[in-house]
2 protein chains.
Amino acid sequence: MGVSKTQLFSVSHNELANAAKVLSHPARIAILEYISKQDNCICTDLVDVIGLAQPTISQHLNEIKKIGLLKGTFEGKNLCYCIDRERWAALQNAFNTFFSNINQNCC
Amino acid sequence: MGVSKTQLFSVSHNELANAAKVLSHPARIAILEYISKQDNCICTDLVDVIGLAQPTISQHLNEIKKIGLLKGTFEGKNLCYCIDRERWAALQNAFNTFFSNINQNCC
DNA sequence: TTTTAATATTGCAATATTACGATGATATAT
DNA sequence: ATATATCATCGTAATATTGCAATATTAAAA
């Protein structure tokens, strides 16, 4: 049915899965990497950097915004935003916790 | 067109995105967490633990297998497999590297 | 005020994902 | 040999994702 049965799973499992979903497209990885390496808020040229059409970039940015990884202003002519470091660190921690949680006695 | 333009992006971006895609469904998070916490290889009862139909679990396991996170035997009556710790650590490192790579001067 | 530049939204086509019933394959138990 | 238990595969339906052209919106510049 194409619909994930999210109600079967815990909140934390769904949250981690949602975060992973944002990272599950190379364009979004590239966008995040590019933004995170800037000295300041960025105010354009993602379309040139990534190589996808402007509406497509806009859509990807929206997915990234939805999980709170960006902060700044979004209305008007020029965007001005950057990585939300607090959220970034929280996601880093969530992934790290997940990966650390393995039983070292297995196999 | 529903097709990701993977050729636009670097190998490492695509690899990280592919790994994230495996983690982008709560069932696979739950499956991986369950397996990783076992003392031994597991040989059944994932269907009961997760609560999805057996073919669905089988499909999810296949996605997990595809990126090399499982090792063991898969044919026959009883499965017997567990987490591939080397691959697990590699993915942990890949995510951690990605998240560590942020410019602390931004904003 | 009219242009212009930058981003968002809409609508659509192509493809991917999720889920499960039915069925097939395999190995063990009876 | 037959039944049973376990997992894989096939087929299919429902929904989600990706991408872009066309268009709208917004704010600043001319």
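This is a predicted model: local features need pLDDT of at least 70, side-chain atom pairs count only at pLDDT 80 or more; totals for chains, interfaces and linings use all residues.

Entry 1: I laid chain A on chain B.

**Entry 2: the shared surface.** I compared the interface residues of the two chains. Of those in chain A, 100% are also interface residues in chain B, so the copies meet through the same surface. I find 47 residues from chain A and 47 residues from chain B in the contact.

Next I looked up the area. About 4,600 Å² is buried between chain A and chain B, and carbon and sulfur atoms give 65% of this. I then asked which residues stand out. A:R85, A:F98 and A:F99 supply 15% of the area that chain A buries against chain B, more than any other three residues.

**Entry 3: pairs across the interface.** How many salt bridges are there between chain A and chain B? I find a count of zero. Polar contacts do turn up: twelve residue pairs are in polar contact across the interface of chain A and chain B, with both residues at pLDDT 80 or more.

**Entry 4: who builds the side of chain A.** I listed the elements that give two or more residues to the side that touches chain B. They are α1, α2, β2 (80-83) and α5 (85-100) of chain A. I see that α5(A) gives the most, with nine residues.

I also sorted this side of chain A by class. I get 24 nonpolar, 16 polar and seven charged residues.

**Entry 5: one histidine.** I find A:H25 in the loop between α1 (11-22) and α2 (26-36) of chain A.

Is A:H25 buried or exposed? Its relative accessible area is 12%. The cut-off for buried is under 20%, so A:H25 counts as buried.

What does A:H25 touch, leaving out residues up to four places away in sequence? I list A:H60 from chain A, and B:S4, B:F9 and B:A17 from chain B. With B:S4 there is also a polar contact: the side chains of A:H25 and B:S4 are joined at 3.2 Å.

Key:
Residues are numbered from 1 along each chain as its sequence is written. Chains are lettered from A and ligands numbered from 1 in the order in which they are written. Side-chain values use heavy atoms; hydrogens and water are left out. Contact means heavy atoms within 4.5 Å. Helices (H or I, at least four residues) and strands (E, at least two) are DSSP runs, numbered from the N terminus. Buried means under 20% relative accessible area, exposed over 50%, partly exposed in between (1.4 Å probe, protein chains only). A polar contact is a pair of N or O atoms within 3.5 Å; within protein, one must be able to donate a hydrogen and the other to accept it, and residues adjacent in sequence count only if both atoms are side-chain atoms. Buried area is the accessible area (1.4 Å probe) that two parts lose on being put together, summed over both. A salt bridge is a side-chain nitrogen of Lys or Arg within 4 Å of a carboxyl oxygen of Asp or Glu. Ala, Val, Leu, Ile, Met, Phe, Trp, Tyr, Cys and Pro count as nonpolar, Asp, Glu, Lys and Arg as charged, and the others, Gly among them, as polar.
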